[in-house]
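Subject: Structure for you to look at

Hello,

Here is the structure I said I would pass on. My notes on it follow below.

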Amino acid sequence: MNRYTISALVDNKSGVLTRVAALFARRGYNIESLSVCTTEDPALSRMTIVLCGDDYILGQMMKQMDKLIDVRKITKVEEDAVSRELLLCKVRTDATTRSQVLEISQIFRAKIVDVSTEATIMELTGKPSKLDGFINMLMPYGILELARTGVTSIGRGASCLRDVPDYKEQI
Amino acid sequence: MKCNGAEILINCLKEQGVDTIFGYPGGTVLDIYDALYRDGTIRHVITSHEQGAAHAADGYARVTGRVGVCLATSGPGATNLVTGIATAFMDSVPLVAITGNVGLNMLGRDSFQEIDITGITMPITKHNFIIKDVKDLAPAIRQAFKIANSGRKGPVLIDILKNVQIAETDYEPYAPEKLTKKPVQKSAVEDAVRAINAAKKPLIMLGGGCIASEAEEEIASLAEKLDAPVACTLMGLGAYPAGNARFMGMMGMHGTATSARLALESDCIIALGTRFSDRVALNRDKFAANKVVVQVEIDNAEIDKNVNVTYSVLGDVKEALKTMLPLIETVKDRPFMQEAAELKKAEKAKRPNLELGHKVIIGASEIAKDDDIVVTDVGQHQMWTAQYYPVKKPRTFCSSGGLGTMGYGLGAAIGAAFGSHKHVILVTGDGCFNMNLNELSTAVTENLPITILLMNNRALGMVRQWQKLFYNNRFSQTDIRKKTDYVKFAESFGAKGMKIEKEEDIMPVLKEALSTPSPVVVDCRISNDENVLPMIRPGATYDTIITDWEDR
């Protein structure tokens, strides 16, 4: 099983996320994360999807998604692309453990965004593997809850997703 | 000009050249029906049930090549279309389904007859729309027709809220853009042609895409130039004339032994407009092992989906063949073609004694004209028709392939009759016929020339056959003991009822039935214990084909 990331430009309207998510569900493909945001063009949203599978599943997923009318552009994100994720993590802390947690946060360059007598919330942005490492280090202190946004990616260099040819225009 | 949403819908349908729609009125489409009434130029066919309307629009689309249109109210009206839409989706039939829905102020409140039909039909449409603002209506309808009839064709649903039907806006008439087919990629064609020219034993395999792209002339040229045998999937029947010496019959689970043998022996399968479904490829890993497969396919997702192919050309079959044909080298007296002809001859000589049902189908094919339409339901009679009714022209054969919808036939026959203005022969079984026989009243009301050959075996024959083969003759719920007298039934609906009980009845009854320009139900009393042969078990390889029941 490999992990792949797909970027897609989709119409910014209601129901598009349902179409994409339902497509994966009914074809039996597993997605690890899916994030959606608006773009520089208000008519379009950008989706970043991380999936687990093999080349066959990746190929099918991209081709099937490409057939959706609301999906304008789709591409596989290259290995060297910039991929980032945001983590908010609430850890149990008291007077004795707070400074240790602060120290770990400094090493990872995480921000402290909330402190109370019993808990601290940290914010960290980075590659998913960095977030994983940070979470591992915090585990022993007792993670009360955490939230991750899922990966969002953008390719290096001047080429843009909107310049990818659209399959629907080719046939 | 100012129009309300319902009027805009009617105007947009007329823009698209729609002359016939199939539907059923109800609370949330009253305004549309009012606009239809006031306009008076579109023929509306009211069916007994919305499912019949969806199948009728499907049959209409299959015989004409144009987009079929069906119309239903919200809630149950909309859900009753679902099986018909799914049938069209699986067989890539261009369909526009229009439903009403409750007004925006009622939406999301579980109002009377409110249903999320766009949610329900999402996986069985190419695309769907819910129209909440009248300004979005005309563009959506125009886009719906374009989506339905371009690329790999398929159904599109438009759900129109009640308030949209009433609201007024400016309507500007618009001539639909002509759908153009894109040229195929040259490098892909060159690779594919090189492989085809190098092949010693090419087999041409035709799927539903050949019918959809209307590529019959190019296919005939290809077969002639290559001097290669041609086999069709169920959906491809009619793309190549069944009477032609190069035609080797159907391919797949119930295909001919000849086509199975040729598929095994060929060194190159030229697959045109087909997706290698499990009923055709059977064992997807072994189907094309050790041979070159060239696939011409309009849907990118179908390339390498079921069977890994060596070369693929993405695009419309007709366009692709137009580019390929000048590069194809002419071959004369190909030994593989002679081998195919001998196999075909031998199979015909070995053909088992024909049963009553086979003889009825063959008899009907002998009386019918080449451009008469044959429609089937799903099951044994469907396969017998595919095997024994020589389909000579494209768009003269309608059958539910992908979804296998029992109950498809009568609705589709009605649509086919409206679309073709030809005599329609519906071959059905007593299981299928019972599912939607209510539409007989529609056929009678519209006085349609439909001959229904009811293969009455008092059983669900195909399922029963699988119980024989895989469940040690435990006939769970497949021997149906209905007491229906189908002759009286037909008469009570205003149709003619006839009966075939023995071989001598066949020709006199069929001659009378097929010369009757109105609905006739012919109750063909066939044995309950027939099998469809040849058969390849699901997932098995072509060399395990069963041609004799005793050798199963």
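Which residues does B:Asp159 touch, not counting residues up to four places away in sequence? They are B:Thr99, B:Asn101, B:Ile117, B:Thr118, B:Phe129, B:Ile130 and B:Ile131. Please keep in mind that this is a predicted model.

B:Asp159 is found in strand β7 of chain B, which covers residues 155-161. The residue counts as buried because 26 C-beta neighbours lie inside 10 Å, against a cut-off of 20 or more. B:Val134 is 25 residues away from B:Asp159 along the chain, and the C-alpha atoms of the two are separated by 12 Å.

Chain B

The secondary structure of chain B comes to 22 helices and 20 strands. Its C-alpha atoms fill a box of roughly 70 × 60 × 40 Å along the principal axes. For 552 residues, a compact globule would have a radius of gyration near 24 Å, and chain B agrees with that, at 24 Å. Of the 552 residues in chain B, 57% are buried. Among contacts in chain B with a separation of 6 or more, 77% are between residues 24 or more positions apart.

Helix α16 of chain B (residues 380-388) is largely enclosed by the rest of the structure, because seven of its nine residues are buried. The buried residues of α16(B) are B:Gln380, B:His381, B:Gln382, B:Met383, B:Trp384, B:Thr385 and B:Ala386. What do these buried residues of α16(B) pack against? In chain B they meet the strands β11 (247-250), β15 (373-376), β17 (424-429) and β18 (450-456), together with the helices α15 (356-367) and α20 (461-470).

Chain A

Chain A has five helices and nine strands. Read along the sequence, these follow the pattern β-α-β-β-α-β-β-α-β-β-α-β-β-α. The C-alpha atoms of chain A fill a box of roughly 65 × 35 × 30 Å, again taken along the principal axes. Buried residues make up 25% of the 171 residues in chain A. Of the contacts in chain A with a separation of 6 or more, 74% come from residues 24 or more positions apart.

Helix α3 (residues 98-108) of chain A packs with helix α4 (residues 128-138) of chain A at an angle of about 165°, and their axes are 10 Å apart. That angle makes α3(A) roughly antiparallel to α4(A), since angles over 145 degrees count as such. The crossing of the two helices, α3(A) and α4(A), is right-handed. On the α3(A) side the contact is made by A:Val101, A:Ile104 and A:Phe108. On the α4(A) side it is made by A:Lys130, A:Phe134, A:Met137 and A:Leu138. By type, the residues of this contact of α3(A) with α4(A) are six nonpolar, no polar and one charged.

Between the chains

How many residues of chain B are in contact with chain A? There are 13, and they meet 14 residues of chain A. The side of chain B that touches chain A divides into six nonpolar, four polar and three charged residues.

Regards

Note on methods:
Residues are numbered from 1 along each chain as its sequence is written. Chains are lettered from A and ligands numbered from 1 in the order in which they are written. This is a predicted model: local features need pLDDT of at least 70, side-chain atom pairs count only at pLDDT 80 or more; totals for chains, interfaces and linings use all residues. Axes are lines fitted to C-alpha atoms, for helices over the stretch in contact, and angles run from 0 to 180 degrees between N-to-C directions. Helices (H or I, at least four residues) and strands (E, at least two) are DSSP runs, numbered from the N terminus. Angles under 35 degrees count as roughly parallel, over 145 as roughly antiparallel, 65 to 115 as roughly perpendicular and the rest as oblique. A crossing is left-handed if the near helix is turned anticlockwise from the far one by less than a right angle, and right-handed if clockwise. Two residues are in contact if their C-beta atoms, placed from the backbone, lie within 7 Å. Ala, Val, Leu, Ile, Met, Phe, Trp, Tyr, Cys and Pro count as nonpolar, Asp, Glu, Lys and Arg as charged, and the others, Gly among them, as polar. The radius of gyration is taken over C-alpha atoms; the globule rule is 2.2 Å times the number of residues to the power 0.38. A residue is buried if 20 or more other C-beta atoms lie within 10 Å of its own, exposed if 12 or fewer, and partly exposed in between; C-beta atoms are placed from the backbone.
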